[in-house]
Amino acid sequence: MGPPGAGKGTQGARLAEWLGVPRFSTGDMLREARRAGTELGERARRYMDAGELVPDEVILDLIDETLRGADASRGFILDGFPRTETQAEGLGDVLARRGESLDAVVDLQVPEEELVRRLSARRVCPECGAVWSAEELESGEEGIPCPECSAGVEQREDDRPETVRRRLEVYRTQTEPVLAWYAASDVPVVAVPGTGPVSEVQRRLRERLTEGAET
Ligand code: AP5
């Protein structure tokens with residue numbers, strides 16, 4: 001968990017590779033559904049573009065279906081889910097049916113001014129899905145070639161300043177309370193500073209999660 005731009009995708013992908021488990025990002029799944037023009041994608045579009053959360057029942061069905069279809073036998077990382085207490089409760093039910101439970105909830109912490117800076121600089125590749133910061137590219141202009149596959153990079157529709165403000169507000173009011181909800185449960189909540197180089201944040205994460213596994 002973490003606010004928009006905290007690095008959930010960046011760190012989650014590295015953590016998943018290290019652990020050899022799949023990563024399920026509800027944001028990525030919804031964007032994929034939009035690209036594919038499915039009913040789910042069409043339903044999610046207006047919420048995402050406004051910086052609002054997609055309704056809980058839609059997200060819970062999506063997660064349930066994804067976990068049923070995936071090889072999640074060695075575990076998995078959830079990125080950007082759950083985002084409301086209803087989703088956290090629903091996840092608990094889905095996991096209980098599977099005879100599983102969460103090992104930890106990660107709270108990736110980044111100050112708001114840094115989040116705004118990162119989101120305004122984020123560029124994504126519509127072809128290969130790579131995520132860049134404008135500083136890693138020749139410039140921040142849209143259409144600059146993706147270093148991975150040469151397609152022109154774009155700014156995410158919801159990374160425009162007015163939508164970013166709403167997403168941050170939605171995080172504070174609807175998602176942050178989920179951390180307190182978990183803190184009152186028996187799932188360990190691991191707070192990790194998300195600032196500094198990507199590799200340093202990843203090192204901290206691995207260290208904290210390994211400590212958790214040993215205690
Ligand atoms: P989603 O895609 O999950 O968006 P988000 O939570 O707002 O998170 P982001 O993807 O913006 O950021 P991130 O934390 O993954 O950061 P990243 O690694 O990319 O969701 C989008 C929308 O879908 C939601 O608004 C909602 O409408 C809907 N949705 C999704 N899940 C839902 C759910 N469960 N319920 C209801 N609705 C849902 O990094 C950001 C940038 O910073 C990148 O450019 C990266 O290169 C850079 N960066 C990363 N780490 C560092 C670092 N250490 N230093 C400098 N730059 C860094």
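These notebook entries record what I looked up in the structure, which is a predicted model.

**Entry 1. Ligand shell**

I began with the residues around the ligand. The shell holds 33 residues, and T10, E52, R83, R122 and R167 come nearest. I then sorted the shell by class and noted 13 nonpolar, 11 polar and 9 charged residues.

Which elements supply at least two residues of the shell each? I listed α1 (8-19), α2 (26-36), α6 (112-121) and β5 (131-133). Helix α2 gives the most, with 4 residues.

**Entry 2. Backbone atoms at the ligand**

For A6, I recorded 3.3 Å between a polar backbone atom and an oxygen atom of the ligand. For G7, the corresponding distance to a ligand oxygen is 3.0 Å. For G9, a backbone N or O atom lies 2.9 Å from an oxygen atom of the ligand.

I also looked up how much of the ligand is covered. Taken alone, the ligand exposes 1000 Å², and the protein buries 93% of that.

**Entry 3. Aromatic pairs**

A pair of aromatic rings is described by the distance of the centres and the angle of the planes, so I noted both values in each case. The structure holds 2 aromatic pairs.

F24 and F76 form a tilted pair, with 5.9 Å centre to centre and 50° between the planes. This pair links distant parts of the chain: F24 is in strand β1 (residues 23-25), F76 is in the loop between α4 (56-69) and β2 (77-79), and the two are 52 residues apart. I checked the accessibility of both and found F24 and F76 buried.

W181 and Y182 form an edge-to-face pair, with 5.1 Å centre to centre and 85° between the planes. The angle of 85° counts as edge-to-face because it is over 60 degrees. Y182 counts as buried, at 3% relative accessibility.

**Entry 4. Salt bridges within helices**

Side chains of opposite charge can pair when their charged atoms come close. I found that the structure holds 27 salt bridges, and I followed some of them in detail.

D28 forms a salt bridge with R31, and their closest N and O atoms are 2.8 Å apart. Both residues lie in helix α2, 3 residues apart, which is about one turn of the helix. I noted D28 as partly exposed, with a relative accessible area of 35%.

In helix α3 (residues 39-49) I looked up R45 and E42, which are 3 residues apart and therefore separated by about one helical turn. They form a salt bridge in which the closest N and O atoms are 3.2 Å apart. R45 is partly exposed, with a relative accessible area of 30%. E42 also counts as partly exposed, at 43% relative accessibility.

**Entry 5. Salt-bridge network**

Which residues are linked with R156 in a network of salt bridges? I listed R122, D158, D159 and R167 alongside R156.

I placed R156 in the loop between β5 and α7 (161-183). Both D158 and R156 are buried. The relative accessible area of R156 is 16%, and R156 therefore counts as buried because this value is under 20%.

**Entry 6. Backbone exceptions**

Most residues other than glycine have a negative phi, and most peptide bonds are trans. I looked for exceptions and recorded two.

A cis peptide bond joins F81 and P82, with omega at about 0°. P82 is found in the loop between β2 and α5 (85-98).

S150 is not a glycine, yet has a positive phi of about 75°. I located S150 in the loop between β5 and α7. Is S150 buried or exposed? At 57% relative accessibility, S150 counts as exposed.

Key: Residues numbered from 1 in each chain as written. Predicted model: local features only at pLDDT ≥ 70, side-chain atom pairs only at ≥ 80, totals over all residues. Heavy atoms only, no water. Phe/Tyr/Trp six-rings, centres within 6.5 Å; stacked < 30°, edge-to-face > 60°. Buried < 20%, exposed > 50% of the residue type's maximum accessible area, 1.4 Å probe, protein only. Near = heavy atom within 4 Å. Polar contact = N/O pair within 3.5 Å; in protein donor to acceptor, adjacent residues only side chain to side chain. Areas by Shrake-Rupley, 256 points an atom, 1.4 Å probe, with all protein chains shown as cover. Nonpolar A, V, L, I, M, F, W, Y, C, P; charged D, E, K, R; others polar. Salt bridge = Lys/Arg side-chain N within 4 Å of Asp/Glu carboxyl O.
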